[in-house]
Amino acid sequence: MTTAASGGAPPLELSVAHPTAIVSPAVYASELTKLYHEVRALDGLSMTVRRGEIFGFLGPNGAGKTTAVKLLVGLARPTAGEAMVLGAPAGDLETRRRIGYLPELFRYQAWLTAREVLALHCRLLELPKRTWSADIDQSLEVVGLTERAGSKVGTFSKGMQQRLGLGVALLGAPELVFLDEPTSALDPVGRHDVREIIRALRARGTTVFLNTHLLEEAEHVCDRVLVIDRGKAIASGTVAEVVGRQKTLRIKVTGLNGLSGLNGQASSTLPPGARANYDTPWLTIEGIGEEAVPALVTELVSRGGLIEEVIPARPTLEERFLELLEDK
């Protein structure tokens, strides 16, 4: 991550993670339910997170995301259902040593230095003392705090404290890292650097469970996503699968002959329900998939069209996210 002094991102040379050639998924949850008195925070949530992937966990505020993470890392117990993490029941003490966790809300003692915070967590993780110095140096470098290692946490900005929290989560080369809103306090450069760190974790075989409300982050880095609302899963799959196929096509075309057949109702080359509108020189078609584009282009050329640009427009993850919530 970029340091304030250098202005450049440090190398992302991370140590080799633990072997991941194990049959069990990184995370498995079945009908996970959590009640807080009369409030149903989770309502039969099921999911599977594969080893070595970046998994995006998405949902509006109050959807149950943080509750689910707390159950998976063993900070709370489910009311019903079951969860397995790295092949063991969620909360298993030995398994928790193989997990990194950056909570959404955390606070370190203001009088401790960054190095002292990391040393404290090395002790809590029961890492071999002979490796502490190297582990701490590596975490500081990865999150861009090497030059502030001796500074007290009380002098850190919110963004720098977020970087330190991420450094704590990476101690000990965990097999699975839970990141709860890891970029919430970072500027655009910091968010970019966090994405690079997440990609580097995946490259070494680490599973990343990314809980975020910043949908752009999920689009950039996630292999698969799960969208939840009111404690239930409402969509899952790759970003492309959740977003769906393109809905709009814009074509810059001049010299068309007999265009009337393309205005309003779809022509013979367009799928049922597609509609076209021509406002020279742009032809805009709603409701068309990628598979129909070649035939359409051929038809336009046969009518004398000179095509300069073909611009597919897919819905963004944010647009699809809002649609899913409205459908609920």
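## Crossing of α3 and α4

The crossing of helices α3 and α4 is right-handed in this predicted model. Helix α3 spans residues 114-124 and helix α4 spans residues 132-142, and the two pack at an angle of about 125° with their axes 10 Å apart. Because angles of 65 to 115 degrees count as roughly perpendicular and those over 145 as roughly antiparallel, α3 and α4 are described as oblique to each other.

On the α3 side, the contact is made by A114, R115, L118, A119, C122 and R123, and on the α4 side by W132, S133, I136, D137, S139 and L140. Sorted by class, the residues of this contact comprise 7 nonpolar, 2 polar and 3 charged.

The relative accessible area of L127 is 18%, and since buried means under 20%, L127 counts as buried.

Once the neighbours within four places in sequence are left aside, L127 is in contact with C122, W132, D135 and G172. Two of these partners, C122 of α3 and W132 of α4, also belong to the contact between the two helices.

## T207 in strand β8

Strand β8 covers residues 207-211, and T207 is found in it. With a relative accessibility of 1%, T207 counts as buried, as does L127 at 18%.

The side chain of T207 reaches the backbone nitrogen of G52 at a distance of 2.7 Å.

## The chain as a whole

The secondary structure of the protein chain comes to 10 helices and 15 strands, with α3, α4 and β8 being the elements discussed above. Of the 328 residues in the chain, 46% count as buried, and T207 and L127 are among them.

Where contacts in the protein chain between residues at least 6 apart in sequence are considered, 69% join residues that are at least 24 apart.

Methods
Residues numbered from 1 in each chain as written. Predicted model: local features only at pLDDT ≥ 70, side-chain atom pairs only at ≥ 80, totals over all residues. Heavy atoms only, no water. Axes fitted to C-alpha atoms, helices over the stretch in contact; angles between N-to-C directions. Helix = DSSP H or I, 4+ residues; strand = E, 2+ residues; numbered from the N terminus. Parallel < 35°, antiparallel > 145°, perpendicular 65-115°, else oblique. Left-handed = near helix turned anticlockwise from the far one by under 90°. Contact = heavy atoms within 4.5 Å. Nonpolar A, V, L, I, M, F, W, Y, C, P; charged D, E, K, R; others polar. Buried < 20%, exposed > 50% of the residue type's maximum accessible area, 1.4 Å probe, protein only. Polar contact = N/O pair within 3.5 Å; in protein donor to acceptor, adjacent residues only side chain to side chain.
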